[in-house]
Amino acid sequence: MRTSRYLLATVKEAPNDAEILSHQLMIRAGLIRRVAAGIYSWLPLGFRVLKKVENIVRDEMDTSGAQEILMPGVHPAELWRESGRWEKYGPELLRLNDRHGREFCLGPTHEEVVTDIVRSEVQSYRQLPANLYQIQWKFRDEIRPRFGVMRGREFLMKDAYSFDIDAEGMAESYRVMYEAYERIFTRLGLETRAVAADSGAIGGDHSHEFHVLADSGEDAIAVSTTDNTAANIEVVQVPSPDGERPAPGVDMASVDTPGVHTINDLCKALNVEPDRTIKTLIVRGVDGPVALVIRGDHELNAVKAEHLEQVIKPLEFASAEEVKAASGTDPGSVGPVGLKIPVIVDAWASVMSDFVAGANEANKHLTGVNWERDVSGHTVADLRMITEGEPFVTSSGTHGNVELRRGIEVGHVFQLGLTYSKALNAEVLTDKGKTTPVYMGCYGIGVSRIVAASIEQNHDENGIVWPEAIAPFDVCIVPIGMKKSEAVRAACEKLYEDLKANGFDVLFDDRDERPGVMFSDMELIGVPHRVVIGDRGLKENRYEYRGRNKSENEDVDADTIIDFLKSRRGTIL
């Protein structure tokens, strides 16, 4: 490809709303352009990267035995009502009506549609196992789209769905997909970690997320200090507190705390440590407000809270008005003493004594509070987030201590079980002639998100450093003084044709620009291998080579440049 005939839309500055580096570089390198909040056009350079990611994903899915299909992006409401998700999914589901007033939605995921296909087309166990997948644009109406394509409203996704006759078959399909994902991310040149995860709105009981490790990642993941054990921080089991709760040592007393609304303010006002205080959070419950209590230095784990049978899913904090109606005060002054609503206490808060809590009265707190003596009728549960340095406990034992890393979720695999097949009556005949619902798995990869995640993991001060497998071009040719030198032009043209004939994706920068501009653009867009041709080098029959991840140039004999570049394939990342 010649840059003179290519829409190479590089710019020097990123827009002010580009908050993270991948968004900034995708704009500056001319990969994407914003159309509306969370919605982007992919320009030629970005589309090349996107297609290379897509092709690797497709190749491994086909190798695994999955079959590619294409489902509609617009779904009838009836299917989502059958599964029960029309009301449950929330405002991220963009609903619309056609000219006849019939209700539809833009598909954020396709469990309902694919289950409808299987219940219509698969009747016998002999047709199982089956795995159907697609690579298609989806839409989720994010409340605050941000970070470019990392959290956009429209995104390209590979979603696959497996169907098996029993739970054992589902587990085997899950294993096959898990291993396919490992191969995909290895081929993409990404450092990833598979972590145990919560299934969330998709449903099911068993799932793993695949995270690209990057300091800018939105998700906190826990990794073991001694082995490869890893999990989303929200599903890590917190170790039980040691010892018994000490007996009360002081009487409960009310103290004035004007203007105190946070734990930090409280600790300063009363000269106490955060682990001697508690936080009381009011959330919406199935039968009315519910109070969740954690230690002052801990954070509430929303996923664990959502699994409480008393709590509405997804977790919703009560409004200020609802908090006042339930406690008689504002959110910053709530405490468990005297509350007339259900109180659920985190295990680590439940072993505290003589602690500080809100008094359910403005500008006042209680000191010397104790469970049972001052608060009774509460229940105890695991409610808090794990913290770094604590033991990493799983069902198989302890795996060293927890180290917290940042990750960008790029893939998620689920064992759905019978969640959708029962709801939509997707049944087959067994070898005994009886009907049984099929067992499902669901496997997603964020194709467009991978592009941004790769940049977050692979960049330097000059721009993007693509893994070679997904770079938009393999090699760029940069001429020096081509407009004045016929020899340089001829050498560039010959190398351009020779590289293409040898299977390289080549970008020939034939613009009438200064060398510094061309070098800067080629580094910005991240072409892995650069060959510079100029009169001075030609006199000695040599070209100048630099790898994108190197800081020094190399002189290469012009007669051996093709073999040299072949030998350098796979050396970038």
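Which helix and strands each supply at least two residues of the lining of the largest cavity? Helix 14 (515–525), strand 29 (529–533) and strand 30 (542–547) do. The model is predicted, with local features needing pLDDT of at least 70 and side-chain atom pairs counting only at pLDDT 80 or more, while totals for chains, interfaces and linings use all residues. Residues are numbered from 1 along each chain as its sequence is written, and side-chain values use heavy atoms, without hydrogens or water.

**View 1. Cavities in the model.** The structure holds 2 cavities of 30 Å³ or more. A cavity is a set of points, on a 1 Å grid over the protein atoms alone, where a 1.4 Å probe fits but cannot get out; lining residues have an atom within 4 Å of a point. Volume is the space filled by probe spheres set on the points, which are joined across faces, edges and corners.

**View 2. Lining of the largest cavity.** The volume is about 70 Å³. The lining consists of C476, M522, E523, V527, P528, H529, R530, R546, G547 and R548. By class, 4 are nonpolar, 2 polar and 4 charged (nonpolar: Ala, Val, Leu, Ile, Met, Phe, Trp, Tyr, Cys and Pro; charged: Asp, Glu, Lys and Arg; polar: the others, Gly among them).

**View 3. Lining of the second largest cavity.** This cavity has about 50 Å³ of space. G38, I39, Y40, W42, W137, V149, E154, F155 and S448 line the second largest cavity, with 6 nonpolar, 2 polar and 1 charged residues.

**View 4. Strands at the second largest cavity.** Strand 2 (39–42) and strand 8 (154–164) each supply at least two lining residues. Strand 2 gives the most, with 3 residues. Helices (H or I, at least four residues) and strands (E, at least two) are DSSP runs numbered from the N terminus.

How values were computed: On a 1 Å grid over the protein atoms alone, a cavity is a set of points where a 1.4 Å probe fits but cannot get out, and a pocket is an open set with protein on both sides within 12 Å along at least five of seven lines; lining residues have an atom within 4 Å of a point.
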